[in-house]
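Please have the structure open while I speak.

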Amino acid sequence: MTTLFYFFRLAIRNLRRGGQRIVIAWLCILLGTTVLVAMTMMAQSIQGALLIEPAQLVGGDLSLVRQSGEPVLSEHVAQLDALRRSGAISQYTLIAYNTSSIVFHTLTSGELHFIGNGMGIQPGTYPLAG
């Protein structure tokens, strides 16, 4: 109890002599708290951006990519349908990527709009997860 009284008396005496130390202490506490809250919020936003479930990232549990430039034929789609019917896979969707430039314009305008990458999906089955 005496130490508490001692520190209280010391604080009162420092306030009477000049409050500069107290103001600086309050500013340090305020700045420290602000920085701590800002760093915590930034860490949480980065964590949310980096820790994504793989199924949400690729739209399913597995992603197959064709390395050759050959198109997907109806025989390939029939094989995927057979796998789905047999129960080996539950569902699939085809995604077409176009990495060359895509150009479009509206009917009423002559302005051309360039898109670097295009992606074609099956709206009824994409995304598989989420």
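I will go through the helices, then the surface patches and the salt bridge, and end with some distances.

Before that, two remarks on conventions. This is a predicted model, in which local features need pLDDT of at least 70 and side-chain atom pairs count only at pLDDT 80 or more, while totals for chains, interfaces and linings use all residues. Residues are numbered from 1 along each chain as its sequence is written, and side-chain values use heavy atoms, with hydrogens and water left out.

Helix H1 covers residues 2-17, and its 16 residues reach 22 Å from the first C-alpha to the last, close to the 22 Å expected at 1.5 Å a residue; the expected span here is 1.5 Å times one less than the number of residues. Just after H1, Gly18 takes a positive phi of about 160°. Helix H2, residues 20-50, has 31 residues and reaches 44 Å between its first and last C-alpha, close to the expected 45 Å. Helix H4, residues 74-86, has 13 residues and spans 18 Å, close to the 18 Å expected, and just after H4 we find Gly87 with a positive phi of about 95°.

How many buried residues does H1 have among its 16 residues? The count is 0, so that H1 is hardly covered, where buried means under 20% relative accessible area, exposed over 50%, and partly exposed in between (1.4 Å probe, protein chains only). H2 is hardly covered as well, with a count of 0 buried residues among its 31. Within H2, Cys28 is exposed, with a relative accessible area of 52%.

Turning to the surface, Arg9, Arg13, Arg17 and Arg21 gather in a patch of positive charge. A patch is made of residues with over 30% relative accessible area and no salt bridge, like charges being joined within 9 Å and nonpolar side chains (Val, Leu, Ile, Met, Phe, Trp, Tyr) within 5 Å. Lys and Arg count as positive and Asp and Glu as negative, with His and the chain ends not counted, and the place of a charge is taken as NZ of Lys, CZ of Arg, CG of Asp or CD of Glu. H1 gives the most to this positive patch, with 3 residues; Arg13 is found in H1 and is partly exposed at 39%.

There is also a nonpolar surface patch of about 460 Å², made by Met42, Ile46, Leu50 and Leu51, with areas from the Shrake-Rupley method and a 1.4 Å probe, where for residues only the protein chains shown count as cover. Ile46 lies in H2 and counts as partly exposed at 45% relative accessibility.

Which residue forms a salt bridge with Asp81? It is Arg84, the closest N and O atoms being 3.5 Å apart, and a search of the whole structure finds 1 salt bridge (a side-chain nitrogen of Lys or Arg within 4 Å of a carboxyl oxygen of Asp or Glu). Arg84 and Asp81 are 3 residues apart in H4, and so are separated by about one helical turn; Arg84 is partly exposed at 38%.

Finally, some C-alpha distances. Cys28 and Leu62, 34 residues apart along the chain, are separated by 51 Å. Arg66, in the loop between helix H3 (54-58) and H4, is 23 residues from Ile89 in sequence and 18 Å from Ile89 in space. Ser101, in the loop between strand E1 (96-98) and strand E2 (102-104), is exposed at 59%, and Ser101 and Ile115 are 14 residues apart in sequence and 5.9 Å apart in space.

How values were computed
Helices (H or I, at least four residues) and strands (E, at least two) are DSSP runs, numbered from the N terminus.
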